[in-house]
Amino acid sequence: MSRIKFTRKWLAFPYAVFMILFVIIPLVLILTYAFTDAEGNFTFNNLLTFFGNGSSINTILVSFIIGVANTAICLLIGYPVAYFLAHRDLKMPAVMMLLFIMPMWINFVLRTAASRDLLFWIGINGGEYPYLATMIGMVYNYLPFVILPLYTTMTKLDYSQIEAASDLGARPRQTFTKVILPMTAPGIVSAATMVFMPTMSSFVISDVMGERKLSLIGNSIQLYFDQGLWHMGSIVAVVMLLLIAVGMFATKNVQKEDDVRGTML
Amino acid sequence: MKKPTRIFARVFVWAMLILMYAPILVLMVFSFTEADTIGVWSGFSVNLYPQLFQDEELMTVVLNTVLVALASAAVSTVLGTMGAIGIHYSRRKMKAALEGVSQIPVMNAEIVTALSLTVLFVYFGIQFNFLTLLIGHVVLTLPFVVLSINPKLQQMDPNIYEAALDLGARPSHALRRIILPQIMPGIFSGFLLSVTLSLDDYIITAFTRDTSFSTLSTYVYGATAKGALPPTLRALTTVIFVFALIILVVINVRSYRKKEAAR
Amino acid sequence: MNKENVIIELVGVSKVYNETVAVDDFNFYVKKGEFVSFLGPSGCGKTTTLRMIAGFERPTEGKILLNGKDISELPPYERPVNTVFQKYALFPHLDVYDNVAFGLKLKKVPYEETDRNGNKVTKYRKLTKKEIDKKVTEALKIVDLEEFEWRDITTLSGGQQQRIAIARAIVNEPQILLLDEPLGALDLKMRKEMQLELKEMHRKLGITFIYVTHDQEEALTMSDTIVVMKDGQIQQIGTPEDIYNEPKNAFVADFIGESNLYEGVYMGNRKVRFLNHIFDCVDDFSANEKVNVVVRPEDVKFAEAGKGMIDGVLTSKVFKGIHYEYVMMVGRNEVTIQSTKNVEINVPVSVNIAPDLIHIMKKDMLSNVYDDAYIDNDNRVVIAGGAFDCDVTQLIPGSVLDEEGYVIAPDGKKYDFKDADVFADVAFSDIEIVDNEDGGVVCGRIVSMIYLGNHYQVLIRTEDDEDFVVATEYTWNEDDRVSVLIPADKIRLKLRGEASKYVKN
């Protein structure tokens, strides 16, 4: 077999080389940068500087709260939308789904700026209400990422199980809480991970919507980048990486849905 | 389902849709007036459109954006297709390792990916130029190409490659004539996905570009710092939206026809 | 047997995947034009063997000779052998014509040409479009699908796809056609039809067919020769008649057709004792040897009540169309009988079995013998990685155990059997099966089960490939995960080597 498999297996070689050069090595570099100073000596100073700064703790806390709030709001709006579409309360659910995804085809920064200008017009000034404007921008941007995985999970539901529940005497409310909700849990988890982490690390939305008055983890990385402080930037990136790893570990048992963007076409 | 619920469902879904489209629709409506900001109507005019196409800077930006998107998608598609096939036929351990590595850029925060690439280029003293930007976009899109081809390889009857060899085809012939046509839809959607991801990207672009090189994302980001969106961008939004709509309709009608024909 | 006309021969062929032996030392040959079936349960190595012949797998050891030439290193595209795959493996993006023509378009045929110096040289050319057309049409005619050339593969039914797969293979005029359970995906009626058609195709084409199946009836119907396999080992090679009438061991007897299997004792002088009766028979074994006996249900004949060889009571009766199937209890043994006679049940009956219809087979194993067992620190015996309580005093006759765990012989010598290598011997009926994995000492998987008249013989295999053969009255299922227990007094131990080695001073 080895002779036959040879040609096919080695096709992955350029891919592997590319990934090692531009994914693995950069991450290793970040790790070393995070724990070295400008002269290349090992140090915990970057870590201590970052956490010794009150505003950094504030940044992490704000990021966390905005992340949780955005995830919750997106789920609260997205779950019913996906549910209604999957249960054919509306005609042509596939077309409706497409309509929800369509805005993603407009450039992300342009889209965000457009919503900022619209909010400004109706009196919600990002400079005056940075948190409110940022939250609106976040929900606006991440809602499609919630609806799609939920919709996919719900269309895969076995309808006879729902019928079985009502056959066994469950009222509609009980059917929902005891059958539909648990069965769609994997979709909920995958939707939540798709929103929570990117929200915490985003900086364009908070910058544009909040008129740069709000700082999330992403913003602090970007700030260090602008100032050329690679070692400090790296330590924040490592903190972010750790958060992502924790998040992945917590949800690793939940079945993974296809990436939202993968199902756009 | 009972009637009131159904009415509620419709109202809710449509309301959400209208909210989703509001910013874009407002921009599109105000692309037909020359006022400096939206919310002010200074009479109907289509002047913004010729202005848009005469704005050399903006046109360069659009061209740059498309250029980066097409170039990175092409590289990603070639590398990713080879990678996906190679991974599919690798032994278990190698396969698990490569699949794991493919997941990293997908799960990782884009800003961490961007910073790590910047650190790499700085560390090795590489000047930021078009190539670094291209590499950044390939890192961003490559895993998605692999991910969209992978299911096609898994759905494929594992015996058809062997059947081709059995009938006298050499491995390279079997790869080109049997495996490639089977995974073509995956390759195609991987390419389109790459283009969309690249067009949409701000963070990686901002970190890995030569600062004199602008894409739409960085241009708009720069513009937002100065206040409301420049009027010509409203016209551009309309153009992009119409363009996207046409592509989407074409693709969906085509796949719908294919499904019909298969019946 | 003469070895003329041999087309393919396997010499000492083995295949090992990650330390599991899929095919273990296969030696056999196939004659030109033969219809050979590889028959066995899943995991027996039949498909692996076929794939080695096709060239998709390389043997770990041994040689595959095609017309006397070793082809084991040749890639599949250079072998004059074609395969019909289990799920057809048609190319979905090509239509029927392009599927069938796939191999032809790649084929190069030799032709002679005279060069400038007048010498004849052999050159190769591709087939012309016309030649390909003609061959494809012919092949489609053979499988009865003329005029299907331009159909899309996805629009064909399973049976039609099956035929295209056959046409795609035979159009290349292979020396051997390999068929990997080609009828497995079809429904019963379709399968029966295709069996006959394949047989007819084999006759017309005159190509050697090698056919893989787990369906014994299919193998009996179609083959000239059957190779019965189990666990990567060849059990028996023979004609369908041979294999049905003269099975070599209990596995073959049980796997092929329906059978009554019993444990018996050969009495000598062409007499065998089973079912509590001494029967005349035609086989020769050594006197008092324990044997397995097989009697086919249709060979048990009703006699006048009280005047047959054995007496019993019919306990069930099922109408099967051509015949009735009865179960007769003889003491605690079951006898299955197939007869066209309609007989009352629950009344005493007598039956006869003719001497030439009693088939006697050598017993593979009489008890479980482990020659790599040893005694651990706690005077337990380690078998197949599990420590069983046992009686170590049996190693020295008349000895006793002292408080410290040493064995004291009658002559006062003290023995320490820690790490002593021993033979352990356990009778089939002394092993107990426990249905949870923690309940016993060693756990394993039930690999096979054979009913022997009044009990089952169950083969349990551990992760380390050690086997326990257990006689039990209870029904288990294949693939059940179980564990085994052995009472301490039922393990017979024998020292390997001298006892003096273990004397403690």
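Q: Which residue has a positive phi in the turn between β32(C) and β33(C), and how many residues lie between these strands?
A: Asp465(C), with a phi of about 70 degrees; the hairpin has four residues between its strands. Note that the model is predicted: local features need pLDDT of at least 70, side-chain atom pairs count only at pLDDT 80 or more, and totals for chains, interfaces and linings use all residues. Residues are numbered from 1 along each chain as its sequence is written, chains are lettered from A and ligands numbered from 1 in the order in which they are written, and side-chain values use heavy atoms, with hydrogens and water left out.

Q: What counts as a strand or a helix here?
A: Both are DSSP runs numbered from the N terminus: helices are H or I with at least four residues, strands are E with at least two.

Q: How do β32(C) and β33(C) pair?
A: In the antiparallel sense, over six bridges, with β33(C) covering residues 467–472. Two strands pair if DSSP finds at least two bridges between them. Gln457(C) has Ala471(C) of β33(C) as its bridge partner.

Q: And which way does β31(C) pair with β32(C), parallel or antiparallel?
A: Antiparallel, over seven bridges; β31(C) is residues 442–451. Arg445(C) stands opposite Arg461(C) of β32(C). The hairpin of β31(C) and β32(C) has four residues between the strands, and Gly453(C) there takes a positive phi near 75 degrees.

Q: How many residues of β32(C) are buried?
A: Six of the seven in β32(C), residues 456–462. Buried means under 20% relative accessible area, exposed over 50%, and partly exposed in between, with a 1.4 Å probe and protein chains only.

Q: Switching to chain A. What is its secondary structure?
A: Chain A has 13 helices and zero strands. Its C-alpha atoms fill a box of roughly 70 × 70 × 35 Å along the principal axes. Of its 265 residues, 55% are buried.

Q: Which residues make up the nonpolar surface patch?
A: Trp10(A), Phe13(A), Val17(A), Ile20(A), Leu21(A), Ile25(A), Tyr123(B), Phe124(B) and Ile126(B), with about 860 Å² of accessible area together. Accessible areas come from the Shrake-Rupley method with a 1.4 Å probe, and for residues only the protein chains shown count as cover. Patch residues have over 30% relative accessible area and no salt bridge; like charges are joined within 9 Å, nonpolar side chains (Val, Leu, Ile, Met, Phe, Trp, Tyr) within 5 Å.

Q: Which helix gives the most to it?
A: α2 of chain A, residues 13–34, with five residues. Trp10(A) is in the loop between α1 (2–9) and α2 of chain A.

Q: Why does Trp10(A) count as partly exposed?
A: Because its relative accessibility is 46%.

Q: How much area do chains A and B bury between them?
A: About 8,100 Å², 80% of it on carbon and sulfur atoms. Buried area is the accessible area (1.4 Å probe) that two parts lose on being put together, summed over both. Arg8(A), Tyr15(A) and Trp105(A) supply 10% of what chain A buries against chain B, more than any other three residues.

Q: How many salt bridges are there between chain A and chain B?
A: One. Arg111(A) and Asp200(B) meet in a salt bridge at 3.4 Å, N to O. The term means a side-chain nitrogen of Lys or Arg within 4 Å of a carboxyl oxygen of Asp or Glu.
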